[in-house]
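This report walks through one protein model, from its ring contacts to its charged pairs. Please look over the sequence and the structure before reading on.

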Amino acid sequence: MNPNLQLPGTGWSRAEESLKHGSGGGGAPRVGLVLSSGGARGLAHAGVIQVLEEERIPVTAIAGCSMGSYVGALWAAGLDGMALEERAREIKDRAALKALMDYVIPPSEGLIRGNLIRQHLERDLKGRTFADLERPLLVIATDLDSLTPHVFDTGLVSSAVHASSAIPAVCAPVHLDGRRYCDGGVSEPLPVTLLKKRLHLDHIIAVNVMPAPADVEAQTDHTFAVQQKAEYSIFSRPFRSIWGKVNLFAAGNVMDTFRRALMAAQLHLIAKEEAAADVVIHPRFAVSTWHDYENFAQYLQAGRDAAKAALPAIRALFPPTHPAQEHSGHEIAPQPDPRLEQLAA
């Protein structure tokens with residue numbers, strides 16, 4: 001386990017575009033929450049949600065992709081922030097994660113199917129469709145046939161999340177209604193614009209758990225740092241040399257090259273989408289991997305810390321008399337459900 005995931009100092013940023021958005025009139029503004037892709041880093045989303053609940057920040061609708069869609073689906077289905085933390089704690093070590101791996105043999109489409117992960121999600125969703133959720137939810141996947149983002153807002157939620165979370169080359173594509181889907185993070189890693197287009201919301205809070213391009217360039221986030229060749233003893237050197245040639249994920253090999261090329265596109269897509277949000281909550285980490293779920297405690301705390309730092313900017317989205325301006329202890333009237341009027345057919 002890595003005890004030094006979180007970087008000190010910064011943890012949130014207010015998008016430059018925020019001053020261009022109106023307050024939505026005299027009524028209570030309707031706020032959307034966007035949860036980014038990010039693998040295990042996405043556990044920080046649960047920490048953010050905990051703070052939003054504790055501070056009585058109302059959220060009208062959610063959009064997410066990949067791990068963001070997984071966490072968003074559970075929250076939209078009624079699980080609160082503490083329940084989300086309990087689910088995160090279930091993957092307490094690498095063995096617990098491997099128990100959810102249904103390997104593809106031979107791995108021609110990917111390494112795993114992802115069906116066991118979908119079944120794990122179904123424990124809580126229990127066959128819910130999007131119409132059954134407590135909040136409107138948009139799940140974004142990538143359509144491999146049309147090479148475009150695809151927004152799921154009808155049908156089984158677990159199937160949509162499965163499609164949205166199918167990491168290219170790691171997970172086999174998900175086949176739904178005659179089409180093939182993979183990870184939504186490929187095409188829309190932070191779907192702020194899509195949520196704005198689908199629903200009439202006054203403000204957007206975006207949670208981005210991916211590294212910023214500046215963090216990578218400055219090497220304050222070492223997740224994608226160029227790996228240096230390590231020195232090994234004369235006895236282990238032959239084995240390491242062979243393993244380096246057959247391990248497709250090793251530095252310089254095909255999967256490492258693919259992962260880095262994909263991330264180059266994702267990070268710049270995210271930067272553009274952040275500019276369309278009113279508040280960007282950005283938990284930062286020194287190093288992590290997509291499968292680093294055993295470090296759930298550090299990810300959750302990073303999300304909590306970043307959300308708390310962003311609270312002044314979040315409260316500024318609401319009028320002075322709104323309960324969100326108080327620190328705690330005030331109930332908020334239920335927000336009107338816009339899905340019947342505003343979700344596109």
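## A buried ring pair

F285 has a relative accessible area of 0% and is therefore buried, where buried means under 20% relative accessible area, exposed over 50% and partly exposed in between, with a 1.4 Å probe and protein chains only. Y299 is buried too, with a relative accessible area of 0%. The model is a predicted one, in which local features need pLDDT of at least 70, side-chain atom pairs count only at pLDDT 80 or more, and totals for chains, interfaces and linings use all residues. Residues are numbered from 1 along each chain as its sequence is written, and side-chain values use heavy atoms, with hydrogens and water left out.

The ring centres of F285 and Y299 are 5.1 Å apart and the planes stand at 70 degrees, so this pair is edge-to-face. Rings of Phe, Tyr and Trp (its six-membered ring) pair if their centres lie within 6.5 Å; planes under 30 degrees apart count as stacked, over 60 as edge-to-face and the rest as tilted. F285 sits in the loop between β9 (279–281) and α11 (296–315), while Y299 belongs to helix α11, so the pair ties together parts that are 14 residues apart in sequence. Helices (H or I, at least four residues) and strands (E, at least two) are DSSP runs, numbered from the N terminus.

## Helix α11

Helix α11 has 20 residues. From its first C-alpha to its last, α11 reaches 28 Å, close to the 28 Å expected at 1.5 Å a residue; the expected span is 1.5 Å times one less than the number of residues.

Where does α11 bend? The bend is at A309 and comes to about 40 degrees, with a proline, P312, following within four residues. The bend at a residue is the angle between axes fitted to the seven residues ending there and the seven starting there.

F152 and Y181 form an edge-to-face pair, with 5.2 Å from centre to centre and 65 degrees between the planes. F152 lies in strand β5 and Y181 in strand β7, so parts that are 29 residues apart in sequence are tied together by this pair. Both F152 and Y181 are buried.

A charged side chain also meets a ring: R135 lies over the face of W75, at 4.0 Å from the ring centre. A charge sits over a ring if NZ of Lys or CZ of Arg is within 6 Å of the ring centre and within 35 degrees of the ring normal.

## Parallel strands

Strand β3 (residues 61–65) is mostly covered, as 5 of its 5 residues are buried. A61, A63 and C65 point one way from β3, and I62 and G64 point the other way. Strand β2 (residues 31–35) runs parallel to β3 and is joined to it by 4 bridges; two strands pair if DSSP finds at least two bridges between them. L33 has I62 in β3 as its bridge partner.

Strand β8 (residues 203–207) has 5 of its 5 residues buried, so β8 is largely enclosed by the rest of the structure. H203, I205 and V207 point one way from β8, with I204 and A206 pointing the other way. β8 pairs with β2 in the parallel sense over 5 bridges, and V31 stands opposite H203. β8 is also joined to β9 by 3 bridges, again running parallel, and there A206 stands opposite V280.

## Salt bridges

Side chains of opposite charge can pair when their charged atoms come close. A salt bridge is a side-chain nitrogen of Lys or Arg within 4 Å of a carboxyl oxygen of Asp or Glu, and by this rule the count comes to 11. D145 and R180 meet in one of them, at 3.0 Å from N to O. This pair links distant parts of the chain, 35 residues apart: D145 is in the loop between β4 (137–143) and β5 (148–152), and R180 is in strand β7 (residues 179–182). D145 counts as partly exposed at 37% relative accessibility, and R180 counts as partly exposed at 36%.

D153 forms a salt bridge with R198, the closest N and O atoms being 2.8 Å apart. D153 lies in the loop between β5 and α6 (157–164) and R198 in helix α7 (residues 192–198), 45 residues apart. Is D153 buried or exposed? D153 counts as buried, because its relative accessibility is 12%, whereas R198 is partly exposed at 23%. Elsewhere, salt bridges that share partners join E86, R87 and D124 into one network.
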